[in-house]
Amino acid sequence: MMSTRSRWILAISALVIIPAFFMPIWSITLKAPQYPDGIGMHIWMDQLTGHERHDIQNINILNHYVGMAEIHEEDFWEFDVMPYIFGVLVALGLLAALGGRRWMLWTWVTLFILLAIGGLADFYYWGYQYGHDLDPRAAIKVPDMTYQPPLIGSKTLLNITAYSWPYWGAAFIGASLLGGLGALGYEYRQRLQSLYERLFSSKSSNQEVEA
Amino acid sequence: MFSNSSNYLKIGVGVLAAALVALFITGCPAQQAALDDREAAQKVYKAPGEHDDLYAFLSGGYDGQVSVWGLPTARFLKQIPVFSQHPETGYGYSEETKALLESTHGFIPWDDTHHPHLSRTDGVADGRWMFVNANNTPRIARIDLTDFETKETIEIPHTAGNHGSSFVTENTEYVVGATRFSVPTPNRDVPIDQYENEFQGTITFLTVDEETGEMDLAFQILAPPFNYDLARPGHGVSHGWAFFTSYNTEMAHTMLEVGASQADKDFIVAVNWKRAEELIEEGHGEVVSAEYYHNKMDPGTGIAVSETKDSVLLLDPADTEGMIYFLPTPKSPHGVDVSPDGEYIAAGGKLATVIPVHSFSNMLAAIENEDFDEIIDGIPVLNYESVIHAEIEDPGLGPLHTEYDGQGYAYTSAYISSEIVKWSLDTFEVVDRIPSYYSIGHLMIPGGDTRSPYGQYMISMNKTTRDRHLPTGPKQNHTAQLYDISGDRMEMILDFVTIGEPHYAQAIEASIITENVKNIYDLAENTHPRMIPSSRQARVEREGENVHVYMTSIRSHFTPDNIEGIRVGDKVHFHVTNVEQDWDMVHGIGIMGATNAEILVPPGKTKTLVWEPRSEGIFPFYCTAFCSALHQEMQGYVRVSAADADVDLLYYTGDRPTE
Ligand SMILES: [Cu+2]
């Protein structure tokens with residue numbers, strides 16, 4: 001059985017996901033000479049919005065010259081399933097806290113990490129497609145040029161610098177996962193303690209010998 | 001003939017003598033304290049990309065428009081077409097805007113804009129609307145300052161030369177007008193020498209809707225057949241009154257140059273409009289027939305529609321006690337300018353040797369005491385000595401117009417001596433003077449005609465340019481000069497060239513306007529009946545000889561861009577919706593052989609250009625705005641066939657539809 005404290009940590013961690021339903025998870029910004037303040041979009045669990053109301057339309061207009069596909073919210077199956085995935089994650093977390101078995105905690109954390117990797121991989125794959133699948137009849141063709149936006153960070157593509165960064169929703173999701181890992185750590189704190197001592201006390205005694 | 005030319009000679013000598021006298025009085029311009037060039041440059045410098053502190057609006061005079069500038073740099077920002085067609089944007093050419101130029105005289109492509117005036121709340125400019133008058137065919141226009149576009153024009157009946165306009169009252173209750181030329185009311189066929197008996201002047205009050213800004217002709221006041229010149233509603237203590245200058249109280253109808261310059265004093269007309277409201281409430285006034293146009297743009301469709309009205313409420317001073325008075329004022333006064341507190345009314349007596357300053361409280365006392373010299377056509381003439389507060393000595397020659405800095409000083413332009421004199425509202429003496437180049441008309445201090453002047457700057461609007469800038473031929477554009485008035489001495493800090501002939505101007509702190517200014521027109525709010533929200537609805541429909549093209553523009557193509565089946569004799573209506581929703585992403589359309597103009601369509605708007613092809617052939621059209629890297633590709637073709645040809649209507653962008 002898990003300790004009461006870890007069960008509480010797990011329950012709270014599961015609940016920490018909830019704010020992420022109500023705010024963007026990711027933000028992509030494009031800056032160009034004509035757009036010094038940038039135009040961009042927010043990715044939510046269930047929708048896509050412009051930083052400003054018409055930004056997505058304007059991104060589509062800018063990108064069509066190089067043959068990039070138009071971005072339309074309804075083309076993403078992810079927005080249909082993501083709320084359920086995170087909903088299930090919250091529910092499972094709470095159940096695991098109730099059940100109080102260590103394997104449940106393990107399962108939750110593992111599932112979470114797999115989903116996070118899967119999500120980022122899916123995001124990367126979309127970005128790859130978006131940047132590489134170019135209309136062969138595009139007006140502007142630059143040899144060997146592709147337009148994949150960065151997964152995280154910034155990247156300059158012709159006249160546009162693209163920035164891709166997690167947004168507040170991702171912070172809550174990340175905090176939730178960290179909480180789960182924290183609960184695991186708390187469960188195994190004695191083993192961790194002895195591991196720590198073995199690693200560091202042996203090191204310090206070696207140093208003493210050398211001195 | 002001979003007597004006329006000797007009159008000219010006398011006037012010529014007189015002006016020359018006046019100029020010489022001016023030189024003696026004012027001293028040589030070189031004695032003016034000169035500001036270090038570098039200091040002056042710093043005062044008007046804004047780094048690239050940095051915004052100005054104020055918007056300034058200068059009337060365009062005979063170009064019929066209003067131009068917008070930034071201060072203190074005098075960067076030119078925009079020209080707003082108002083009473084003149086503007087081929088650059090299609091204003092007055094597009095089907096949506098034509099109605100704004102309609103009048104009882106028909107469609108008028110030109111007028112003369114004089115006095116822009118910002119709407120006010122509590123006697124201070126509120127940045128919502130700009131009113132401006134048409135001097136030639138009497139009208140007033142309203143410009144919306146969320147998009148700097150003209151939204152309304154209204155014709156003023158019983159008026160000829162709406163010069164004393166378009167000044168607004170303390171809370172924009174009214175915008176006023178006054179006729180420069182007296183004419184028979186109602187206008188009719190009479191011998192001109194029946195002027196004194198058959199002609200009348202009128203003063204007009206139009207209400208302004210608090211929410212929409214829409215004007216409505218409230219009432220007119222009949223007045224003797226003088227010329228009425230400028231106007232200012234009172235504010236502060238004089239709120240509820242409006243003042244108008246008159247000249248030609250001699251009632252000359254020919255050679256006014258001499259005939260209207262004989263009397264020592266003409267009149268300032270003081271109208272108690274709150275009293276007028278009471279009188280109307282009590283049933284005074286007569287509804288008389290008067291045809292006039294009222295043209296309004298619908299905010300949803302963006303289409304201006306004309307409405308004709310047929311009557312106006314006319315008040316006769318003979319039957320309306322306590323509403324209107326004359327204040328004797330030397331001599332052919334132009335400006336009638338109310339101090340920030342509303343107490344003083346400075347007159348610019350063009351031909352006077354002093355600046356007469358009336359006191360509002362003196363005026364009320366004189367009315368109370370019935371201190372009248374005479375009564376003209378039912379209008380009591382107050383005793384000059386009773387109402388005058390001060391006569392500013394040594395005011396320069398040809399004082400025209402006064403504004404205030406809110407620090408206790410007034411500034412009066414003097415046309416003949418080409419200078420500005422600064423005088424104290426405490427001592428009523430001239431404290432400083434500075435030249436203008438050349439022949440200043442009006443001047444403008446930001447907020448200098450309001451209850452709370454911004455001060456800091458002053459602009460002179462000059463009537464001749466001569467050698468001030470690189471020459472551009474015998475007709476040159478007018479100069480304006482910017483002065484720093486924040487110190488004890490006025491300092492000229494910039495000289496710039498304007499557009500048209502600015503007669504008057506307004507300025508306002510930029511932030512009041514930038515808060516509300518639009519970046520785009522919301523496509524979702526566009527209710528134009530021929531608007532299409534996306535290229536999927538693009539189509540061409542024939543209704544007899546009228547062919548309607550429902551077209552979209554977006555970077556960088558029109559939909560449709562190939563049109564066939566048009567016949568000679570058709571009237572082709574290009575209804576272009578710019579479906580962009582990005583700031584400043586404007587598309588236009590120009591069609592080969594179109595005899596009107598291009599139209600520019602701002603993002604989110606629908607505009608219509610009518611084209612009547614006269615011959616068979618292929619007619620290209622293209623986007624006239626450099627909208628994108630592929631702007632030069634933004635084009636299309638119309639195939640025009642013979643009037644009796646049997647070519648089916650066909651339209652597409654991309655693949656040609658197969659039958
Ligand atoms: Cu274009």
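In strand 2 of chain A, Y35(A) stands opposite A32(A). Strands here are DSSP E runs of at least two residues, numbered from the N terminus. This is a predicted model: local features need pLDDT of at least 70, side-chain atom pairs count only at pLDDT 80 or more, and totals for chains, interfaces and linings use all residues. Residues are numbered from 1 along each chain as its sequence is written, chains are lettered from A and ligands numbered from 1 in the order in which they are written, and side-chain values use heavy atoms, with hydrogens and water left out.

Start with the strands of chain A. Strand 1 of chain A and strand 2 of chain A form a hairpin, with two residues between them. Strand 2 of chain A covers residues 35-43. Its pairing with strand 1 of chain A is antiparallel and has six bridges; two strands pair if DSSP finds at least two bridges between them. W26(A) faces I43(A) of strand 2 of chain A.

Now follow I43(A) onward. I43(A) also stands opposite L48(A), in strand 3 of chain A. Strand 3 of chain A spans residues 48-50 and pairs with strand 2 of chain A in the antiparallel sense, over three bridges.

Strand 1 of chain A has another partner. Strand 5 of chain A (residues 160-166) runs antiparallel to strand 1 of chain A, and six bridges join them. There, S27(A) has W165(A) as its bridge partner.

Burial comes next. Buried means under 20% relative accessible area, exposed over 50%, and partly exposed in between, with a 1.4 Å probe and protein chains only. Six of the seven residues of strand 1 of chain A (26-32) are buried, so this strand is largely enclosed by the rest of the structure. For strand 2 of chain A the count is seven of the nine, so strand 2 of chain A is also largely enclosed.

Turn to the copper ion. Its protein donors are H587(B) (ND1), C623(B) (SG), C627(B) (SG) and M634(B) (SD), 2.1 to 2.5 Å away. Donors are N, O and S atoms within 2.8 Å of the metal (3.2 Å for Na, K and Ca); water is not among the atoms, so sites may look incomplete.

Why is the arrangement of the four donor atoms tetrahedral? The angles they subtend are 99 to 127°, and four donors count as tetrahedral if all angles lie between 85 and 135 degrees. The sequence spacing of the donor residues is H-x35-C-x3-C-x6-M. H587(B) lies in strand 41 of chain B and C623(B) in the loop between strand 44 and strand 45 of chain B, so the pair ties together parts 36 residues apart in sequence. C623(B) counts as buried, at 0% relative accessibility. C627(B) is buried too, at 7%.

Terms used. Tetrahedral: all angles 85-135°; square planar, octahedral: opposite > 155°, others 65-115°. Helix = DSSP H or I, 4+ residues; strand = E, 2+ residues; numbered from the N terminus.
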